[in-house]
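Thanks for coming. I will walk through a handful of places in this structure, one after another, so please keep the sequence and the view open.

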Amino acid sequence: QVDAVRVYVNSSSENLRYPVLFVVRQQKGVLSWQVPLIFRGLYQRTYNYQEVSRTLCPSEPTPETRPSDQIIFVDVASMAPFNIAYELLVTRLENFQLETNKAFNFTASPSQPQYFLYKFPQDVDSVIINVVSDAAYPCSVVSVQDIVCPVYDLDHNVEFNGVYQSMTKQAAITVQRKDFPGEQFFVVFVIKPEDYACGGSVPSSVHGNANRTWNLQRTKNLQVTIVPSIKKSVYVQAMFFSFLSFLSFYLGSVVVAFVHYIRVQRKASAGRLSPEHGSGIMTSSHPISASTPEGSSYGAIDESSSSGGRQMSSPERKPPAGSDTDSSVEEESDFDTMPEIESDKNIIRTKVFLYLSDLSRKDRRIVSKKYKIYFWNIITIAVFYALPVIQLVITYQTVVNVTGNQDICYYNFLCAHPLGVLSAFNNILSNVGHMMLGFLFLLIVLRRDILHRRAMEMKDIYTLDYGIPKHFGLFYAMGIALMMEGVLSACYHVCPNYSNFQFDTSFMYMIAGLCMLKLYQTRHPDINASAYSAYASFAVVICLAVLGVVFGKNDMWFWVVFSIIHVLASLALSTQIYYMGRFKMDGPDSDWGIFRRAVMVLYTDCIQQCSRPMYMDRMVLLIVGNLVNWSFAIFGLVYRPRDFASYILGIFICNLLLYLAFYIIMKLRSSEKLLPIPMFCIVSTAVVWAAALYFFFQTLSSWEETPAESREKNRPCILLGFFDDHDVWHFLSAAALFFSFLVLLTLDDDLDTVRRDKIPVF
């Protein structure tokens, strides 16, 4: 047991020109202070205290002294030309050494800081220092320092050494034995003279004597408990759990693929289907050539089609291609290979009832190459985006480790398990699900793509006019986006704070946008946005997110500008969707009179004669969508949420859910079926998203507040003693996104045996 000595001094003098100086000389150090003791705050405010109490650094016993003896010298001096009364009291601390798993209560104030000694037990390699208080204020600082004298235990020097946190009601610091060669350390508690650092009120700016405060009562009751942290075996169990949990998805996918293969083989042996039915391609047993005019191009409409009254034939028949990767490189300007398509497409798209054959008239190979640009572009974006992010978060972690300032990063300190240089390895490990499931989704898409190509090699691809056109570029891009979401979320959780939160959300914007584009592309393959336009739009969104982080907290002008942009973008996109992309916003043939014409249509159709909209289903969707987006704009103007990145993400997700619900409802209205696999994926998506969102809203920290206020939300681990609520959110959200992707991949499998001129567009 180590004993320590505490010196208490008190002086009735308020003369700041002639303070009383106290100097304590010890075996290995000198400690000095003055009375009145002066602390400085904002706006040159001063806080003066006439009572000071300091703990002396414990001395090591020498051969000349007994272990319990300490030799100290106390010098008292003042330059005052008159006598000054003072009081000096030296006492022995009975409870200077903290014990494991035993709570200890004490009080501290700005002029009477406290610190205690802790020694690691033999079988403990890591401990968590838990500090709690019933009162949020006064603001305090908890510091862990090596056994070095002097101990830095005042407001102006507590940050000079060791690891420290600001605190209101709760603080937690994880300490590892390897960081202290002597296997012991000091736990220091300092009360700050002002509360603004912890989110309290900021003192007003005053001058003269009113700027001085004497003997302000700022005593705080604290309780400290030091408990052992987890052992190394828990790290191993957590890693096995993380990888095995998501490897089970791989096993499930293999089982489903094997069962599907067996079923297809049985049907093939029965002579009903070919083995390539799993790719979603009709076999030659269907009378395709009988109903398709000789020499017609891909996706042509015959005379018997209910969706078109004329035959669209190309001037010459192109030779069949073996695969999508033929040698020639086609430019986007070659998409419309039929001479009359430019003049006919506007006529076709103005029909009241559109069918998929109307919007799948372009060369399949060229359209497929167009969508593969999504895949290659997102890889380029991921590399150029991720490398600077990784470099930046490594710098953040280095700054935390070197300075010891744990207010830089907003961890859940009650469940932050370090590993190597990382302060919260559990928050990084839990993102492995996004990477593993993103790669699994790529494998599933690759399997479908290969089966599709094999089926195409066996048939004349220009006579295939069944099912949804198979373009996998957007699916590949979605898989890469899911993997990058895991990488960037892990980077964000290396040191989570307000300045790098965009790392965690950037690819979430892209995932939501790619899902909406894929859903639209399903029945509008010829008129979907190009990869360049889509990624340029995502770049604009990310720029707005950055501006929102900088200006969105208090600047009303930013919210006005953003809301105007939001509403105008919604109207422009709605008009493009309603008129199936027939109006152009750029080029020499641009139609900037689109808004004027829209007003005229509303006036003539709704006011003069109140006629029924030509495209009722589309109109209903767009009205609801605009109401939702305008509601978001109004909400932003009124409440101005500080978490602007999550606000934008909420806009994306709500629009995606609205469009998906509309798509499924219209699919069922059109007497289409939901097969067992997509039905299972839809139910799984809903269940897993519900569970994931429950854990997402269990807020464990918040960079919208000060670090001390954020720590009030910290909670212990809930899974394996290693993962917290947010880690469970990572696990479940990865699974939910994976099931969501599978919904989009399998939703229209029931249409593989349906002619495109029988598949409605909505």
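This is a predicted model. Three strands make up an open sheet, in the order 4-5-16, and the pairing is mixed. Which strands stand at the edges? They are strand 4, residues 37–40, and strand 16, residues 212–214. Each has a single partner strand, so one side of each is left without a neighbour in the sheet. On average, neighbouring strands here are turned by 25° against each other, direction ignored.

A word of background on pairing. The strands of a sheet pair through backbone hydrogen bonds, and they do so either parallel or antiparallel. In our case, strand 4 and strand 5, which covers residues 46–49, run antiparallel and are joined by 4 bridges. To find one of them on the screen, look for Arg40, whose bridge partner in strand 5 is Thr46.

Next, a single residue, Val7. Val7 sits in strand 1, residues 4–11. Is Val7 buried or exposed? Its relative accessible area is 0%, and buried means under 20%, so Val7 counts as buried. What does Val7 touch, leaving out residues up to four places away in sequence? The list is Trp33, Val52, Ser53, Arg54, Leu56, Leu88, Leu89 and Val90. Take Ser53 from that list. Along the sequence, Val7 and Ser53 are 46 residues apart, yet their C-alpha atoms are 5.6 Å apart in space.

Two elements give two or more residues each to the patch: helix 9, residues 531–551, and helix 10, residues 556–578. Which helix gives the most? That is helix 9, with 4 residues. Phe551 is in helix 9.

The last topic is backbone geometry. In general, most peptide bonds are trans, and most residues other than glycine have a negative phi. With that in mind, here are some places to look at.

Where are cis peptide bonds found? One joins Tyr137 and Pro138, with omega about 10°. Pro138 lies in the loop that connects strand 11, residues 126–132, with strand 12, residues 140–145. Another cis peptide bond joins Cys149 and Pro150, and there omega is about 5°. Pro150 belongs to the loop between strand 12 and strand 13, the latter being residues 163–167.

Now positive phi. Ser671 has a phi near 65°, a positive value in a residue other than glycine. Ser671 is in the loop between helix 13, residues 644–669, and helix 14, residues 676–696. With a relative accessible area of 66%, Ser671 is exposed. Leu720 also has a positive phi, near 60°, and is likewise a residue other than glycine. Leu720 is located in the loop between helix 15, residues 707–711, and helix 16, residues 725–746. How accessible is Leu720, and what does Leu720 count as? At 39% relative accessibility, Leu720 counts as partly exposed.

That is the end of the tour.

Technical notes: Residues are numbered from 1 along each chain as its sequence is written. This is a predicted model: local features need pLDDT of at least 70, side-chain atom pairs count only at pLDDT 80 or more; totals for chains, interfaces and linings use all residues. Side-chain values use heavy atoms; hydrogens and water are left out. Two strands pair if DSSP finds at least two bridges between them. Axes are lines fitted to C-alpha atoms, for helices over the stretch in contact, and angles run from 0 to 180 degrees between N-to-C directions. Buried means under 20% relative accessible area, exposed over 50%, partly exposed in between (1.4 Å probe, protein chains only). Contact means heavy atoms within 4.5 Å.
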